[in-house]
Amino acid sequence: MFRKVLIANRGEISVRIIRACRELGIPTVAVYSEADANSLHVRLATDSYCIGPADSAKSYLSIPAIMSVAELTGADAIHPGYGFLSERADFAEICEQHGIKFIGPSSESMRKMGDKANARKTMIDNDVPVIPGTPIVHTVGEIKKFAKKAGYPIILKATAGGGGKGMRIVRNDDEIDTNFTLCRTEAGKAFGNPDVYCEKYLENPRHIEVQIIGDKFGNYIYLGERDCSVQRRHQKLLEEAPSPAIDEKTRHKMGEAAIRAAKAVKYEGVGTCEFLLDSDGKWYFMEMNTRIQVEHCVTEMISQVDIARQQILVASGERLQYKQRDIQLKGHAIECRINAENPSKDFMPCPGVIDGYLPPGGFGVRVDSHVYAGYSIPPYYDSMIGKLICWGENRNQARRRMYQALKEYVIVGIETTIPFHQAVIEDEVFKSGNFNTSFLEDFYKRQNDSKK
Ligand code: ADP
């Protein structure tokens, strides 16, 4: 087992990982920026080191600063969390070169999956269905040719993209030129790689993703799917497991496809295969996230598998503790992302001081968060301040429990997305389970109509 784990992240995910390490008896090292000196992860870790100013480029993304702390403290493993350096194959490689275990897949697996155009090719070679699309495109002519074959709309995607960024929908020939230029420029700026490829744009699909875990001995399991169709501008707001749209047979088929994908790149650790499900029930691989995800908790609640713990165990070289037949999914779980944003002002971020804080509790209620009364949310990072996860014996019970928990949740001093989630949870279409990624748009229309 590891001697000491450094967590190269902040916020709730750092707290989640520190908790898992503490249960395993592993000392932890927190790193933090000057803006995060009062964050909970700093208090909970065994040791903590300031690695730079608020600007994440000079702190949470500074590989030299993080590696220095690892060397100084004798950490033999680094957990990257999600975001920041978690999908940077170059960082995984530097860790490998320094004899420090990167808690995630090898840099080689990451490279194969991190590049979306490349991942598509690997999937095609391994009999995993992908959305009709192209390799990297270099000219407007190539895009036109694809659009003619596939039919509009199409979507241009940055091959290095992530976090819902670097995507542009194109609806006719005239829109290609501008969107191609914009997409390349955006991708270059945001991801340091301007390459773009095309996909057929599926109108209103459901976003379904499968959690997998693999060990270094080639054992793999899948833990069922999550439905992340409640999105705003391609970013997830609420997730649930299982998906109301997936039956047992499809669950099994998608799980097997996700494992084929993982095996194809000799994947080790926890990972997620994202699929889109169209209105005809056909599903296609979209991409693989080579890290722990924000929404892993809903899967933990229905599978009773501690994903963060398993991630650390398999990274330390242990054998996977489960076989596929051990995995029995039970009940239903929903997660609401609680963001410091004002939903009535177009989700404008609202950093500031939390004057009062009282999280909900009770059977089947879980709060993963790094905030507390008196905590000041810095304006420099993403606005998620916590996740509220509710489990129930079935979807309706989970939903009702969530509604009550949201009502109990007191956060004073800043605006949050709690009222938004309350409205979603009570929405008739959400209740029916019959919706797709266009949910939010239609939800607002319904809300406006009911006000009239
Ligand atoms: P990221 O890596 O930024 O999360 P993804 O490739 O996972 O990007 O896509 C995020 C979301 O964008 C999906 O959940 C879906 O809503 C939308 N999307 C991406 N590709 C397509 C497509 N080909 N057709 C329809 N929607 C898409």
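**Salt bridges, cores and backbone**

Modeller: R88 is partly exposed, because its relative accessibility is 32%. Please keep in mind that this is a predicted model.

Biologist: Which residue forms a salt bridge with R88?

Modeller: The partner is D90, and the closest N and O atoms are 2.9 Å apart. D90 counts as partly exposed, because its relative accessibility is 31%.

Biologist: Why can such side chains pair?

Modeller: Side chains of opposite charge can pair when their charged atoms come close.

Biologist: How many salt bridges does the count come to?

Modeller: The count comes to 35 salt bridges.

Biologist: Which parts of the chain does the pair of R232 and D346 link?

Modeller: R232 sits in strand β11, while D346 is in the loop between β16 (341–342) and β17 (348–349), so the pair links distant parts of the chain, 114 residues apart. In this salt bridge the closest N and O atoms are 3.2 Å apart. R232 counts as buried, because its relative accessibility is 17% and the cut-off is under 20%.

Biologist: And E295, what does it form a salt bridge with?

Modeller: E295 pairs with K236, with 2.9 Å between the closest N and O atoms. This pair also links distant parts of the chain, 59 residues apart: E295 is in the loop between β14 (283–289) and α10 (296–303), and K236 is in strand β12.

Biologist: Is E295 buried or exposed?

Modeller: E295 is buried, at 2% relative accessibility. K236 is buried as well, with a relative accessible area of 15%.

Biologist: Let us change topic. How many residues has the largest nonpolar core?

Modeller: That core has 34 residues, and I338, L388 and I411 have the most contacts inside it. Among the elements that give two or more residues to this core are β12 (235–241), β15 (332–339), β22 (384–392) and α12 (395–408).

Biologist: What is I411 in contact with, leaving aside its neighbours within four places in sequence?

Modeller: On those terms, I411 is in contact with I338, I354, G356, Y357, I385, T416 and I418. Another core, of 29 residues, lies apart from the largest one, and I26, A45, V305 and M384 are among its members.

Biologist: Which residues form a nonpolar patch on the surface?

Modeller: L358, V410 and V412 form it, with about 230 Å² of accessible area together. L358 belongs to strand β19 (residues 356–358). L358 counts as exposed, because its relative accessibility is 53% and the cut-off is over 50%.

Biologist: What about the phi of R233?

Modeller: Phi of R233 is near 50°, a positive value in a residue other than glycine. R233 is in the loop between β11 (220–232) and β12, and R233 is exposed, with a relative accessible area of 59%.

Biologist: Finally, which domains is the chain divided into?

Modeller: The chain is divided into domain 1 (5–103), domain 2 (132–200) and domain 3 (206–451). The centres of domain 1 and domain 2, taken over C-alpha atoms, are separated by 35 Å.

Methods
Residues numbered from 1 in each chain as written. Predicted model: local features only at pLDDT ≥ 70, side-chain atom pairs only at ≥ 80, totals over all residues. Heavy atoms only, no water. Core = buried A, V, L, I, M, F, W, Y, C linked by side-chain atoms within 4.5 Å. Buried < 20%, exposed > 50% of the residue type's maximum accessible area, 1.4 Å probe, protein only. Helix = DSSP H or I, 4+ residues; strand = E, 2+ residues; numbered from the N terminus. Contact = heavy atoms within 4.5 Å. Patch = residues over 30% accessible without salt bridge, like charges linked within 9 Å, V, L, I, M, F, W, Y side chains within 5 Å. Areas by Shrake-Rupley, 256 points an atom, 1.4 Å probe, with all protein chains shown as cover. Salt bridge = Lys/Arg side-chain N within 4 Å of Asp/Glu carboxyl O. Domains from an automatic or database assignment.
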